[in-house]
Structure formats: structure tokens, C-alpha cells
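Welcome, and thanks for taking a look at this fold. Please have the sequence and the 3D view ready, and we can walk through a few spots together.

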Amino acid sequence: MALTLDTEDTRQRIHDLVWSGFHHDADVEWMITDEYLDPDELTSDDRAWVKAETARACAAKHAAEAEWPAQTEYDRLETAFAQLREEKIIALHRAGNTLADGQDDVREAWRAAGRDASGIVGCCFYHAQDLERAVRTGRLHLAFSGGLIPEIARREANTVAVGQRIAALLQGIGFVVHWSGNIDERIEVDLGQWRKRGPSA
């Protein structure tokens, strides 16, 4: 089989997409061939390799899922996020690809909720690059903010309070949390490993 693609790099990308748990099995192959790689440069051998490697990765994950506990690390994380939402803190999974994307998603959620009338007091999110790192290392970095408050001192104080609440919630459900208390630093959560069941599971 004559391949033009970088097999190690592409295999890692397939692994990250499959094991993130956010994509249907059927979507991963085209995400690789049509988005991650240049479809115009792929040979028939390249496409056959991607198809086989994707099927192998999906099968391996499904086999692993059968051995997972009923509640995984992701499920516990979502429990914390759900509680944050109850407390009027926007909490988003996989918000865009960068911090700026995530901030845009938060603003959109704030507008959709009714802006100031929503009573929202802050936000918490991680983006796709954070997710990729979590899949590989079991460590997740969370961005957070104390809301759209014009007064700098009040906004910073509220951001500290939001950060403390996020850290306390995560610690309360058993995660090891690293945060200095500095609002310019993100909260790092040691999940141990990233386990999220896929939508097709």
C-alpha cells in the first residue's frame, strides 16, 4: 500500500477524535479525510488506510467502554458543570478550538439566556485543544470568568469567587485541582484519564 499521508500523525488524530467521545463513529472518517487532511491530495490507498484505522480505533474504544464503570470521569465532570449551570454559571464542554472561540460561545450563550436579565454571574469552559490534551494526559484546563461586569475591581473579585466555586465543586467530587487563585491562570483538573462514552455507544 503506497501512502502519501503521515501515518503516525494521522493515527494520533484519529485516536483523539474517537476517544474524545464527542463524535459518532461514522463521522470520524470524513472528519479526517475532508477536514484534517486535504481531500484533493489523498490517494485511494490513503483513504483505505484511514477507513481501516478509524474502524480499528472505534472498535478498541467500544471494547474499552464495556469495562468502564457506570459513572466515568466525564460523567462526574458533567455533574459539576450541571451544578454550575444551576448556580447561573455558564459551563460549556468543547467550546470552540481556542480561548477566543470559547469566549465567543460563552457570549452567545449569555445572549441566548437573556443577557443581564438572565442573572448569569460567570462562566467555565474548555476548548477542543484542551480536550485533546485531556484525552492524551488525563489533565484538563478550564477557563473561567466572573461575567461581563464593567467595573474592573468588581469583575475581578467576582472572577475569584467563580474560580473558587469551580475548584471547590471539582474537589468535592474527588478530582485533584491545581489553581493558585490567580485569575490570569486557568484551573487544572487532574481527571486521571479521560473517559467519555461516545454518542453511538
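Predicted model: local features only at pLDDT ≥ 70, side-chain atom pairs only at ≥ 80, totals over all residues.

**Strands around β2**

- Strand β2 covers residues 122-125; G122 and C124 point one way from this strand, C123 and F125 point the other way, and all are buried.
- On one side of the pairing story is strand β1 (residues 89-92), which runs parallel to β2 and is joined to β2 by four bridges.
- Within that pair, L92 stands opposite F125 of β2.
- To get from β1 to β2, the chain passes through helix α5 (residues 99-113), giving a β-α-β crossover that is right-handed.
- Strand β3 (residues 139-145) also pairs with β2, this time in the antiparallel sense and over three bridges.

**Helices α1 and α6**

- Two packed helices are described by the angle between their axes and the distance between the axes.
- For helix α1 (residues 7-20) and helix α6 (residues 128-137), the axes come within 10 Å and cross at roughly 95°.
- An angle from 65 to 115 degrees counts as roughly perpendicular, so α1 is roughly perpendicular to α6.
- The α1 side of the contact consists of Q12, R13, H15, D16, W19 and S20, and these meet L131, E132, V135 and R136 in α6.
- Sorted by class, this contact between α1 and α6 holds four charged, three polar and three nonpolar residues.

- T10 has a relative accessible area of 1%, so T10 is buried, the cut-off for buried being under 20%.
- Apart from neighbours within four places in sequence, T10 touches L5, I32, Y36, L37, W49 and V50.

**H127, between β2 and α6**

- H127 sits in the loop that links β2 and α6.
- H127 also counts as buried, because its relative accessibility is 5%.
- Which residues does H127 contact, once neighbours within four places in sequence are left aside? They are R94, A95, G96, N97, T98, L99 and R186.
- For a sense of scale, H127 and E87 lie 40 residues apart in sequence, and their C-alpha atoms are 22 Å apart in space.

Methods
Residues numbered from 1 in each chain as written. Heavy atoms only, no water. Buried < 20%, exposed > 50% of the residue type's maximum accessible area, 1.4 Å probe, protein only. Helix = DSSP H or I, 4+ residues; strand = E, 2+ residues; numbered from the N terminus. Pairing = 2+ DSSP bridges. Right-handed = clockwise from strand over helix to strand, strands pointing away. Axes fitted to C-alpha atoms, helices over the stretch in contact; angles between N-to-C directions. Parallel < 35°, antiparallel > 145°, perpendicular 65-115°, else oblique. Contact = heavy atoms within 4.5 Å. Nonpolar A, V, L, I, M, F, W, Y, C, P; charged D, E, K, R; others polar.
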